[in-house]
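Hi,

Here is the structure I promised to send over.

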Amino acid sequence: MTNQTVQINKGLEGIVVAETALSKVFGEEGRLIYRGIPIQEFVENDALYEEVVYLLWNGKLPTKAELDAFMADLASKRALPDTVVNQITQFPKTADPMVVLRTVVSMLHMYDENPDDLSPENLRRIGSNLLAKFPTILATFHRYRQGLDPVAPRTDLTHAANYLYMLNGKEPGPRSVEGVNAYLVLLADHGFNASTFTARVVAGTQADMYGAITGAVASLKGPLHGGAPTALVKQMEEVGDPANAEKYVEEALAAKKRIMGIGHRVYKTYDPRARILKRMAENIAKETGNTRWYELAAAIEAAALPRLEAKRLYTNVDFYSVPLLLSLGLPTDMLTPTFAVSRVAGWVAHLLEQYADNRLMRPRSFYVGPEEAHYVPIDQRG
Ligand SMILES: CC(=O)SCCNC(=O)CCNC(=O)[C@H](O)C(C)(C)COP(=O)(O)OP(=O)(O)OC[C@H]1O[C@@H](n2cnc3c(N)ncnc32)[C@H](O)[C@@H]1OP(=O)(O)O
Ligand SMILES: O=C([O-])CC(=O)C(=O)O
């Protein structure tokens with residue numbers, strides 16, 4: 001093989017490595033379906049996040065009785081072992097919540113009686129255990145770092161409502177619950193995105209599900225993936241006022257900087273989730289009177305898109321998640337963790353597929369180092 005004959009697909013662009021029946025991204029058309037159902041139908045019908053999780057994990061929408069049982073099971077798994085809560089309260093208060101999440105997910109393997117059994121029933125048990133506990137891990141840390149006691153999870157609230165309740169210590173209003181629930185619904189799965197692929201690579205070695213999800217959280221944290229909102233907040237703060245957006249974007253692009261929340265490996269048009277999130281962010285901004293973030297985002301987008309259209313770069317899901325979640329009162333460093341609260345549904349669903357039909361993931365690299373060199377003893381090296 002020479003570098004003339006080998007085809008190198010940097011970033012695995014366009015490479016198909018497995019089948020999935022979970023979600024399909026129509027990159028040219030700007031459409032997304034979960035098991036055939038267009039994502040906007042879930043939002044239009046006020047579907048609960050738990051319904052989407054059930055759909056992804058079971059291949060069908062739940063009946064009322066199935067949903068009730070599924071929600072009761074998740075709610076019963078929300079609490080963390082006391083030892084884990086104690087450990088979280090030893091972490092540095094300045095820790096990044098994504099690092100806390102990554103660490104605690106890995107730690108939970110040690111508190112599970114049967115963590116390495118890869119049978120489908122056990123994998124479902126672990127998947128629901130993790131999905132149920134993500135909000136509790138984050139809320140426990142968020143309260144501790146503010147010097148507050150953790151709030152025990154409630155079993156009578158939905159996933160979205162309980163998350164907000166544990167973060168803030170008070171029952172959230174319907175607008176916040178609706179907003180967070182819709183956000184969780186929209187981000188639950190997205191083909192072979194980087195964090196999902198990471199999870200599948202780990203599972204491909206038949207390592208445990210805790211390890212695969214730990215890897216997925218690590219991958220989501222990066223600014224080119226789920227970490228983009230944090231970087232976008234920084235850019236918004238630099239812009240400061242919508243009137244500065246044109247100048248800021250022009251200078252940033254001239255300096256070869258990226259505008260965060262713009263561009264996508266698969267979408268060559270506006271991300272359908274961003275369209276919905278934009279509308280929601282605008283409505284919430286108007287309703288709450290907290291318009292700062294929405295106005296900044298809209299001004300940056302208006303300055304960026306005409307300049308980036310020629311490269312087919314459009315608004316992605318991370319962009320309007322910023323004004324939406326900030327207007328709902330989430331702190332900046334909880335944006336990416338909240339993405340993880342949603343996406344764990346997809347990770348688990350993909351892992352169920354991967355373990356059920358596994359083959360070790362092992363691509364090749366093209367070696368460009370020297371073909372012949374020799375060991376030199378340390379005292380003879382110059
Ligand atoms: C949930 C999610 O993960 S959605 C994505 C979240 N990430 C972001 O929003 C970060 C900003 N966006 C990006 O960095 C990219 O668009 C990615 C990582 C999402 C996709 O990247 P890729 O498909 O690998 O595209 P690649 O990095 O090759 O860029 C292609 C060209 O577009 C440019 N480009 C890509 N994104 C941007 C951007 N946000 N701003 C400015 N220019 C950009 C690149 O500089 C490059 O230009 P060039 O051909 O002149 O060198
Ligand atoms: O699919 C991708 O590459 C990134 C993305 O939008 C997601 O993970 O939701």
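Is the crossing of H7 and H8 left-handed or right-handed? Keep in mind that this is a predicted model. The two helices make a right-handed crossing. H7 covers residues 159-168 and H8 covers residues 174-186. Their axes come within 8 Å and cross at roughly 120°, so H7 and H8 are oblique to each other. On the H7 side, the contact is made by His 159, Ala 160, Ala 161, Tyr 163 and Leu 164. H8 brings in Ser 176, Val 177, Val 180, Asn 181 and Leu 184. By class, that contact has seven nonpolar and three polar residues, and no charged ones.

Now for the ligands. Ligand 1 is surrounded by 20 residues, and the closest are His 225, Ala 228, Arg 258, Gly 263 and Arg 265. Its shell splits into eight nonpolar, eight polar and four charged residues.

And where does ligand 2 lie? Both domain 1 (18-223 + 332-356) and domain 2 (228-327) give residues to its shell, so ligand 2 lies between them. If you want to find the spot on your screen, look for His 190, Gly 191, Asn 193, His 264, Arg 265, Val 266, Asn 316 and Val 317. Sorted by class, the shell around ligand 2 has two nonpolar residues, five polar ones and one charged. You'll see Arg 265 turn up again here: it is among the residues around ligand 2 and also among the closest to ligand 1.

Cheers

Notes. Residues are numbered from 1 along each chain as its sequence is written. Chains are lettered from A and ligands numbered from 1 in the order in which they are written. This is a predicted model: local features need pLDDT of at least 70, side-chain atom pairs count only at pLDDT 80 or more; totals for chains, interfaces and linings use all residues. A residue is near a molecule or strand if its C-beta atom, placed from the backbone, lies within 6 Å of it. Ala, Val, Leu, Ile, Met, Phe, Trp, Tyr, Cys and Pro count as nonpolar, Asp, Glu, Lys and Arg as charged, and the others, Gly among them, as polar. Axes are lines fitted to C-alpha atoms, for helices over the stretch in contact, and angles run from 0 to 180 degrees between N-to-C directions. Helices (H or I, at least four residues) and strands (E, at least two) are DSSP runs, numbered from the N terminus. Angles under 35 degrees count as roughly parallel, over 145 as roughly antiparallel, 65 to 115 as roughly perpendicular and the rest as oblique. A crossing is left-handed if the near helix is turned anticlockwise from the far one by less than a right angle, and right-handed if clockwise. Two residues are in contact if their C-beta atoms, placed from the backbone, lie within 7 Å. Domain bounds come from an automatic or database domain assignment.
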